[in-house]
Amino acid sequence: MRRNNSWEQRKLGDIADSYSGGTPTAGKAEYYGGSIPFIRSAEVNSDTTELYLTDEGLKNSSAKMVRKGDILYALYGATSGEVGLARLDGAINQAILDIRPHKNFDAPFIMQWLKKSKENIIGTFLQGGQGNLSGTIVTSLMVDCPDYSEQKKIGEFFVNLDNLITLHQR
């Protein structure tokens with residue numbers, strides 16, 4: 001670990017594991033209506049979801065499970081670059097990248113860094129705002145990282161600020 005207070009740049013793919021999911025075959029009634037929340041890109045900042053999968057739908061697709069607190073990053077379409085911390089355990093489709101930081105890297109800090117970097121990421125990789133991001137692009141991003149204790153403090157500060165803003169909007 002570092003002995004001074006300098007920040008260092010680390011490739012996101014070197015400090016976190018990530019994967020995206022998939023969608024069960026549409027029209028197969030036995031895959032939908034179960035108890036597994038199916039989180040889609042417009043729902044990365046939501047504590048509810050409109051669709052639910054069955055165990056069979058999860059097993060027979062490339063949908064992947066995420067855990068509450070994981071970073072969810074929207075890759076496709078109008079929601080490209082939207083980011084949030086998962087507010088529920090559930091499954092994701094191919095339009096979301098689940099990012100799970102390694103030990104000594106803080107999810108709220110990394111999520112806030114991605115949020116701060118959204119315009120730059122979209123401006124660099126989605127000319128005119130059209131198209132899709134990929135897991136390869138996102139995991140190649142260079143994240144500015146202080147030591148873990150500072151990440152925790154910064155992450156907590158911004159989570160509290162986001163909560164306060166949400167409270168005032170209500």
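The side chain of Thr79 comes to 3.3 Å from the backbone oxygen of Tyr76. The model is predicted. Thr79 sits in the loop that runs between β6 (71-74) and β7 (83-85). Its relative accessibility is 18%, so Thr79 counts as buried, the limit being under 20%. Neighbours within four places in sequence aside, Thr79 is in contact with Ser41, Ala42 and Ala74.

Helix α3 spans residues 107-116. This helix is mostly covered, with eight of its 10 residues buried. The buried residues are Ala107, Pro108, Phe109, Ile110, Met111, Gln112, Trp113 and Leu114.

Aromatic pairs were examined next. The count comes to two. Trp7 and Phe109 form an edge-to-face pair, with 6.1 Å centre to centre and 65 degrees between the planes. Trp7 belongs to the segment before β1 (8-11) and Phe109 to helix α3, so the pair ties together parts 102 residues apart in sequence. Phe109 has 4% relative accessibility and therefore counts as buried. Trp7, at 42%, counts as partly exposed.

Phe157 and Phe158 also form an aromatic pair. The arrangement is edge-to-face, at 5.2 Å centre to centre and 85 degrees between the planes. Phe157 is partly exposed, with a relative accessible area of 48%. Phe158 is partly exposed at 32%.

Terms used. Residues are numbered from 1 along each chain as its sequence is written. This is a predicted model: local features need pLDDT of at least 70, side-chain atom pairs count only at pLDDT 80 or more; totals for chains, interfaces and linings use all residues. Side-chain values use heavy atoms; hydrogens and water are left out. Buried means under 20% relative accessible area, exposed over 50%, partly exposed in between (1.4 Å probe, protein chains only). Helices (H or I, at least four residues) and strands (E, at least two) are DSSP runs, numbered from the N terminus. A polar contact is a pair of N or O atoms within 3.5 Å; within protein, one must be able to donate a hydrogen and the other to accept it, and residues adjacent in sequence count only if both atoms are side-chain atoms. Contact means heavy atoms within 4.5 Å. Rings of Phe, Tyr and Trp (its six-membered ring) pair if their centres lie within 6.5 Å; planes under 30 degrees apart count as stacked, over 60 as edge-to-face and the rest as tilted.
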